[in-house]
Amino acid sequence: MEKVISVGLQRSNADAAAVQSSLDELERLVETAGGTVIETHIQKRDRPDPATFIGKGKTQELAERVERHHAQALVFDDELKPGQQQNLEEAIGAKIIDRTRLILDIFAQRARTREGIFQVELAQMQYLLPRITAKFGRFEQQTGGIGTRGPGERKLEVDKRRVRERIVHLKAQIEKIKRERGQQRAMRGFTPVPLVALAGYTNAGKSSLLNALMARAQGQGTSQERPVYADDKLFATLDPTTRRVRLPGGDTAGTHGRTVLFSDTVGFIRKLPTALIAAFRATLEEVSAADLLVHVIDASDPDWAAQEKAVLEILDELGQAGLSRITAFNKMDLLSPSQKSTFTTREGILISTRTGEGLTDLLKAVEHRLAAGWIEKDLELTHNEGSQLSEIYNTMEVLSKRTTARGISLRVRAHPTTLARFLNHDARQ
């Protein structure tokens with residue numbers, strides 16, 4: 001594992017505890033990327049130094065620490081400007097990695113789908129473009145001489161042109177995949193059910209929650225869905241995963257409620273690179289297209305309130321701040337009774353994906369929130385469309401049913417999304 005020294009900047013108006021918490025998170029990011037933090041340094045300054053971010057004296061001190069410990073890299077808890085990064089590399093003689101580059105590296109390790117790989121590379125290229133001089137060093141113009149006079153093209157300019165061309169190509173590929181996904185969905189006929197998106201800070205337990213809901217459904221014999229990958233790591237999952245979940249509905253009568261789709265999304269983090277948010281807008285379509293958002297919070301993390309704020313800020317940046325939302329305080333099994341009591345007065349559902357605590361309450365809250373906007377509608381099915389009855393009973397509340405000369409007449413109550421998707425799909429048949 002690479003030996004790394006982490007560096008943070010504490011401005012005069014910054015909270016020392018918040019700075020330390022961010023550096024603790026940076027250490028976990030380094031471990032996720034395959035390194036180990038051997039030292040942490042906090043530089044106190046009113047503002048970042050324009051040339052080196054941390055100032056000349058601190059730069060010299062870090063150069064000595066790198067040499068003494070044979071460290072391979074310095075990781076900064078903020079995004080560095082290209083000039084600062086280059087000056088630090090020249091002065092210290094080690095790799096200089098900022099928080100943005102580190103997160104991009106982790107995303108590159110985690111991406112599995114073609115779209116995810118393209119999105120990560122796009123963000124990397126956008127990050128790289130203004131830093132090409134720092135990456136490749138100085139390049140001089142071609143020397144003169146017979147047969148070489150003329151404007152020529154420096155290697156630096158060639159590199160920048162190739163990166164720009166690659167960015168254009170990647171954007172085109174991502175847009176093509178997005179269109180293909182929409183066409184495939186239209187061809188196979190998507191299930192006319194509401195979509196519930198799981199969002200939250202990285203490692204809050206979104207994938208574990210989806211797996212817990214799958215295990216609950218399998219125990220009831222209502223699902224054969226495969227579990228999704230989950231691990232105690234930052235950004236353990238990157239590509240979105242969607243599973244069917246049966247709501248409680250009529251469990252007491254021996255039947256089960258309506259089906260909804262739950263979609264796991266990439267975890268958020270403080271100081272999430274803007275370029276990464278832009279590149280992953282397609283992946284985050286699950287949030288944009290959702291009828292309801294379940295915000296999963298790791299209640300056992302002492303810094304959960306700051307993490308909640310970071311998630312809400314990113315949702316606002318994505319234009320989804322007004323989306324109907326339920327808060328799920330996860331990992332309640334890790335709290336003492338006194339700690340747990342602090343959450344009972346808050347608006348949200350207390351859950352544990354490990355013990356199953358609160359999962360039924362969460363699903364009932366989801367059902368209640370979705371049902372609040374349900375509308376009634378008359379549906380007419382011909383005798384040839386009788387096969388759709390099962391889907392209707394699974395996804396809608398059937399208020400009345402009668403047989404007519406033409407087929408079956410139904411009065412249903414359902415979520416607007418369910419009706420719209422069902423009617424649109426029916427019209428294409």
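**Labels and their cut-offs**

Mentor: Arg 354 counts as exposed, with a relative accessibility of 65%. This is a predicted model, in which local features need pLDDT of at least 70, side-chain atom pairs count only at pLDDT 80 or more, and totals for chains, interfaces and linings use all residues. Residues are numbered from 1 along each chain as its sequence is written, and side-chain values use heavy atoms, with hydrogens and water left out.

Trainee: Why is Arg 354 called exposed?

Mentor: Exposed means over 50% relative accessible area, buried under 20%, and partly exposed in between (1.4 Å probe, protein chains only). Arg 354 has 65%, so the label exposed applies.

Trainee: What makes the pairing of Asp 333 and Arg 354 a salt bridge?

Mentor: The term requires a side-chain nitrogen of Lys or Arg within 4 Å of a carboxyl oxygen of Asp or Glu. For Asp 333 and Arg 354 the N to O distance is 2.8 Å, and the pair therefore qualifies. Asp 333, at 25% relative accessibility, counts as partly exposed.

Trainee: Why is Asp 77 called buried?

Mentor: Its relative accessible area is 3%, so Asp 77 falls under the limit for buried residues. Asp 77 also forms a salt bridge with Lys 271, the closest N and O atoms being 3.2 Å apart. Lys 271 counts as partly exposed, at 41%.

Trainee: Which residues are linked with Asp 77 and Lys 271 in a network of salt bridges?

Mentor: The network also includes Glu 25, Asp 78, Arg 99, Arg 270 and Asp 303.
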